[in-house]
Amino acid sequence: MANIVIIGAQWGDEGKGKIVDMLSAESQVIERFQGGANAGHTIKAGGRETVLHLLPSGILWPDALCLIGNGVVLDPEVFLEEIDALQAEGIDASPRRLAVSAKAHLILPYHKALDKAREAKRAGSKIGTTGRGIGPCYEDKAARIGLRAGDLARPDLVRAKIRHALLEKNILLTGLYKFDAIDADRTADALLALAPRLLPYITDTDALVHKAIQENKAILFEGAQGVHLDIDHGTYPFVTSSNTVSAGACCGTGVAPSAISEVIGVAKAYTTRVGSGPFPTELNDDTGSYLQAQGHEFGATTGRPRRCGWLDAVILRESVRLNGIDRLALTKLDVLQNLPQLKICVAYELDGKRMDYPPQGEGELAAVKPVYETFPGFEDDISGCRKYGDLPEEARAYIERIEELTGVPAGYISVGPGRDQTIIRQVA
Ligand code: GDP
Ligand code: IMO
Ligand code: MG
């Protein structure tokens, strides 16, 4: 069966939640592999909107096994809140069908405090993080002082690790950032109080996913954020702290590259970005405001307005190269309706030179000039289209040019937030 990695091909919020939920209908296992509660994945189904920060977007399908892999940084409070909210709606989020890797690192209050303290101190050059403690938690993982989910079974280890971590962090928090010190024992008590609820979920997810592979089940690996927020390949330093590229699915779950059969890149039919960082096709004009209003472009996690701009095929071409994208899922095409003309950035110019791929040096992307092609817009309401042939000719021409520019087919075209508002195309 297909083992599919689904990643965001731009700067996040491409509609991964919708696509993962839709494909979960035919999958038995859905596993998140990186990021944490910085993600906000929206699903609209059955007249209800659900925003998930940590739980895999397959959770609404009662027979799907949902896993949180070792690559995720897990905020225990958000995890339990999300479970409670789902259970209140009658959705089973019990350990029967939801499991967390014992190797996943835990986000603690001091990670969130440091995240906020650093952003506050970075006057003028803020990254615009979500404040969810993501960077500081991955730092501790790399520094080999992190607390892992499996440690919760050993209260003495939890206490010792928290005490050790806070020795250094309290010096930073109080001395440098002028924040209050965090009490180690109280932090450990609060976490250990949650342990009885958390422990039944914590297990060897590697074994579960490998068993599923052996049994030939269909597995979805759900990415968070987007390619250009990747810690190595993104617009550094305006990135998140994990590998968001498709290869992250292997490191973040313990599955080998040979087990992956397909990569789907989710891309909006235009571009958005939340937080700071270069964005060559950004529109600070009426068209940008129109896209923001029509697309309801406000962050699902922080509520911040998303910056909007034209589709950037250079960024997408780089995503295809970095991720081995086999198919694009092109979302929010309906948002473009009623614009008199559409533009696609087909290349950049930097110092008089034309570029087909983004420049690699820090800060250079901010200096490029987009080269645009212009297309006629379409007026028809396309939100009810279910077949490719139902789309207006102008919309099809726009999609086909994106396919040409990126070299990959658009296998899914999303024309509304609903599960069924999707055109599925047979592609080779
Ligand atoms: P994710 O982080 O990639 O899962 O994306 P988000 O959930 O943060 O943001 C995508 C937003 O667009 C959500 O509000 C979705 O309900 C919505 N959405 C997804 N696909 C479509 C679409 O084709 N058309 C419209 N109008 N909205 C969509
Ligand atoms: P989903 O999965 C869009 C952005 C933040 C900030 C940068 C670093 O919903 O697509 P962090 O808190 O990760 O240290 O912030 O990354 N960011 C996202 N932008 N969608 C997301 O997730 C994001 N997660 C983080 O805005 O610019
Ligand atoms: Mg989102």
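The shell around ligand 2 is made up of 7 nonpolar, 10 polar and 3 charged residues. The model is a predicted one. In total 20 residues lie around ligand 2, and those that come nearest are D13, K16, H41, T130 and T240. The space that ligand 2 takes is the largest pocket.

In the side chain of K16, an N or O atom is 2.7 Å from an oxygen atom of ligand 2. The side chain of H41 likewise has an N or O atom 2.7 Å from an oxygen atom of this ligand. G40 takes part through its backbone, where an N or O atom lies 2.9 Å from an oxygen atom of ligand 2. Ligand 2 exposes 550 Å² when taken alone, and 98% of that is buried by the protein.

## Ligand 1 and its surroundings

Ligand 1 is surrounded by 18 residues, of which K16, G17, T42, D334 and S414 are the closest. By class, the shell around ligand 1 divides into 4 nonpolar, 7 polar and 7 charged residues. The second largest pocket is the space taken by ligand 1.

The polar contacts of ligand 1 include both backbone and side-chain atoms. A polar side-chain atom of T42 lies 2.5 Å from an oxygen atom of ligand 1, and a polar backbone atom of G17 is 2.8 Å from an oxygen atom of the ligand. For R306, the distance between an N or O atom of the side chain and an oxygen atom of ligand 1 is 3.1 Å. Taken alone, ligand 1 exposes 590 Å², of which the protein buries 92%.

## Elements that supply the ligand 1 shell

Helix α1 (16-24) and strand β3 (41-45) each supply at least two residues of the shell around ligand 1. The element that gives the most to this shell is α1, with 3 residues.

## Parallel strand pairing

Strand β5 (residues 65-68) pairs with strand β2 (residues 29-32) in the parallel sense, over 4 bridges.

Definitions and conventions
Residues numbered from 1 in each chain as written. Chains lettered and ligands numbered in written order. Predicted model: local features only at pLDDT ≥ 70, side-chain atom pairs only at ≥ 80, totals over all residues. Heavy atoms only, no water. Near = heavy atom within 4 Å. Polar contact = N/O pair within 3.5 Å; in protein donor to acceptor, adjacent residues only side chain to side chain. Areas by Shrake-Rupley, 256 points an atom, 1.4 Å probe, with all protein chains shown as cover. 1 Å grid on protein atoms, 1.4 Å probe; cavity = no way out; pocket = protein on both sides within 12 Å on 5 of 7 lines; lining within 4 Å. Sits in = over half its atoms within 2 Å of the grid points. Nonpolar A, V, L, I, M, F, W, Y, C, P; charged D, E, K, R; others polar. Pairing = 2+ DSSP bridges.
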